[in-house]
Protein chains: 2
Amino acid sequence: MAERSDEVKLLGMWASPFSRRIEIALTLKGVPYDFSEQDITNKSPLLLQLNPVHKMIPVLVHNGKPISESLVILEYIDDTWQNNPILPQDPYERAMARFWAKFVDEQICVTAMKVVGKIGEEREAVVEATRDLLMFLEKELVQKDFLGGESFGFVDIVATLVAFWLMRTEEIVGVKVVPVEKFPKIHRWVKNLMEINVIKKCIPPEDEHLSYIRARMEKLKFKAP
Amino acid sequence: MAERSDEVKLLGMWASPFSRRIEIALTLKGVPYDFSEQDITNKSPLLLQLNPVHKMIPVLVHNGKPISESLVILEYIDDTWQNNPILPQDPYERAMARFWAKFVDEQICVTAMKVVGKIGEEREAVVEATRDLLMFLEKELVQKDFLGGESFGFVDIVATLVAFWLMRTEEIVGVKVVPVEKFPKIHRWVKNLMEINVIKKCIPPEDEHLSYIRARMEKLKFKAP
């Protein structure tokens, strides 16, 4: 648990799945924190000072010391507050968790971002590519309630971007990227997630989130050649 | 230390800085291993079976269980054999080590790869971009012998790709990407690395390495439009 003297601040942005990961982890650990909402289109001097390398949220500031990159922050939280472990204890299971978390960020997220950014035939190709990647998660979920195994963990926190960002964008994009017939396990997993109090508390409210994503997409379309 | 019953096998490739990272870590820990040289242009059924997601080296197989992604493997090695720690013990220092390792792979490596792949004005731009990124490492090395601090650690192992791949390619590319006048600390760090027995033992021999990189570049040129 957090000590009384701990000062924990999160520079984040309400609609960002990366920022929400950190809120989930801190809530799971029972660590109180101040949340500082950041305007990602007009970066604050504080953000630029605390994350001079990437200039991006989320940044966790613990007793004055800043940490950036959401996967790095999650590991830091788990190393610092050891109650309610996020990563498995067994070295091989830890490695598997790190492997899949990296896969979600470097493969699924990078490809899925393009579903929003492309149209027409190009979009069809990235939808297919995203599905091919998601099939690895679908297989991971056979006989498992969570990506972390029997209970919710590191990979689940990281993959909330599939459940509460990618699957929400479907309505706006007008394409079922993750159809239930093809991905029954992923859909069951999203239901399991929604039964967890920490998740219910820490995901962005659906209507506002959809409005926000819709507005961002409109901007992207204006920018397209 | 490794137990007698441990079976450790590395599927790697002699000229790959990613594969060499794992050899450095295993050697540092005193873990004996079998090395299986892989042809990355004609992937073996064993590699495809052990790393079905990325189909890439390195893959560590410990008592029959495969792990891929070099950063994930390094953490696994450190979690499994706890002598001669690779990552710092302090949570904040661990986070900083993870941050910089990720930075080397996702920023420096990705950009530096293009120095080899591009020519003319495009190359000049990526050389400049690579230098901008390296300047962060240069600053990290002020008053430090190693990126890990007083002693050699995780970030140093990861950043050997700067010392023994990027800086070696300079001779072939014909551009000083890391000039000593601009990066005196990085050059001092490379000297410090070369005083470590594990490093001397685990880096690819310079002449063969240069011939290999030269041949790879020739192939790239043939493929260029």
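About 250 Å³ of space lies in the largest cavity of this predicted model; a cavity here is a set of points, on a 1 Å grid over the protein atoms alone, where a 1.4 Å probe fits but cannot get out. Grid points are joined across faces, edges and corners, and the volume is the space filled by probe spheres set on the points. Searching the whole structure gives three cavities of 30 Å³ or more.

Before selecting anything, note that residues are numbered from 1 along each chain as its sequence is written, and that chains are lettered from A and ligands numbered from 1 in the order in which they are written. Because the model is predicted, local features need pLDDT of at least 70, side-chain atom pairs count only at pLDDT 80 or more, and totals for chains, interfaces and linings use all residues, while side-chain values use heavy atoms, with hydrogens and water left out.

**The cavity lining**

Select A:L71, A:E75, B:L71, B:E75 and B:K102, which lie nearest the centre of the largest cavity among its 16 lining residues; lining residues have an atom within 4 Å of a point. Then show helix 3 (70–80) and helix 4 (91–117) in chain A and in chain B, the elements that give two or more residues to this lining. Helices are DSSP runs (H or I, at least four residues), numbered from the N terminus. The lining has eight nonpolar, no polar and eight charged residues, where Ala, Val, Leu, Ile, Met, Phe, Trp, Tyr, Cys and Pro count as nonpolar, Asp, Glu, Lys and Arg as charged, and the others, Gly among them, as polar.

**Between the chains**

Next, colour by chain. In contact (heavy atoms within 4.5 Å) are 27 residues of chain A and 27 residues of chain B. The buried area is about 2,500 Å², with 69% from carbon and sulfur atoms; this is the accessible area (1.4 Å probe) lost on putting the two parts together, summed over both.

**Salt bridges**

Show B:K102 again, with A:E69: their side chains meet in a salt bridge (3.8 Å, N to O), defined as a side-chain nitrogen of Lys or Arg within 4 Å of a carboxyl oxygen of Asp or Glu. Eight salt bridges are found across the interface of chain A and chain B.

Finish with A:R21 and A:D105, whose side chains form a salt bridge at 2.6 Å, N to O. A:R21 lies in helix 1 (residues 17–29) of chain A and A:D105 in helix 4 of chain A, so the pair ties together parts 84 residues apart in sequence.

Technical notes. 1 Å grid on protein atoms, 1.4 Å probe; cavity = no way out; pocket = protein on both sides within 12 Å on 5 of 7 lines; lining within 4 Å.
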